[in-house]
Amino acid sequence: MKTKARFNIIDFLIIIVVIGCIIGVALRYELYNKMLSSNKDEVEISFFINGVRIGSTEAMVEGDIFYWKQNGLEIGKLLSKEVSNREVFVLDNEYNYVKKYDDRRYDVRGVIVSKGIIKEDGFKLNGTQFLAPGKTFEVQSKNITVYITITDIKKINT
């Protein structure tokens, strides 16, 4: 007894779904390539580091390349840094906060030049990693590993 193969609606739906998946993957791949190859914006990422020792401030050399430690992604080149004594607030005898300076720890403010894509919702480093003011993360260069907090991101007019 021979069984005749029949083509029915379920077979047709399976073929349509497979073709749709193939087209979806192809479109997504092209979109991803276009996004990575599009013109990238050059930005200045301003940052703050709170309370490090003097040796750490000296290890931050202008011109060094910084990387995001978590994923190894290149952030950019250190353009400038400003070192100051760490500010601390203490209570005086009348229970008022008074600003003093700690001469054993230092605050660092600096700027890293980076490339990525600026969108309405923020900045994407290399088009993939979202960065915004207030974000704190660990970075490293050839001389130091430290946590920075982003204070501002602004596009460089070219």
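Is Lys99 buried, exposed or partly exposed? At 41% relative accessibility, Lys99 counts as partly exposed. The value comes from a predicted model. Mean pLDDT over the chain is 88, and 91% of residues reach 70 or more. Confidence is lowest in helix 1 (residues 9–37), with a mean of 80. Strand 2 has the highest, at 95.

Three salt bridges are found in the whole structure. One of them joins Lys99 to Glu87, with the closest N and O atoms 3.8 Å apart. Lys99 lies in strand 4 and Glu87 in strand 3, so this pair ties together parts 12 residues apart in sequence. Glu87 is partly exposed, at 38%. Lys155 and Asp41 also meet in a salt bridge, at 3.5 Å from N to O. This pair links distant parts of the chain, strand 8 and strand 1, 114 residues apart. Lys155 is partly exposed, at 48%, whereas Asp41 is buried, at 17%. Arg104 forms a salt bridge with Asp102, at 3.7 Å between the closest N and O atoms. Here Arg104 is exposed, at 63%, and Asp102 is buried, at 14%.

The largest nonpolar core holds 24 residues. Among the members that touch the most others are Ile45, Met60 and Phe137. Several strands each supply at least two core residues, including strand 3, strand 4 and strand 8. Strand 1 gives the largest share, five residues. Beyond its neighbours within four places in sequence, Phe137 contacts Trp68, Ile75, Leu131, Val146, Tyr147, Ile148 and Ile150.

Tyr95 sits in the loop between strand 3 and strand 4. Its phi is near 60°, a positive value in a residue other than glycine. Tyr95 is exposed, at 68% relative accessibility.

How values were computed
Residues numbered from 1 in each chain as written. Predicted model: local features only at pLDDT ≥ 70, side-chain atom pairs only at ≥ 80, totals over all residues. Heavy atoms only, no water. Core = buried A, V, L, I, M, F, W, Y, C linked by side-chain atoms within 4.5 Å. Buried < 20%, exposed > 50% of the residue type's maximum accessible area, 1.4 Å probe, protein only. Helix = DSSP H or I, 4+ residues; strand = E, 2+ residues; numbered from the N terminus. Contact = heavy atoms within 4.5 Å. pLDDT = per-residue confidence, 0-100. Salt bridge = Lys/Arg side-chain N within 4 Å of Asp/Glu carboxyl O.
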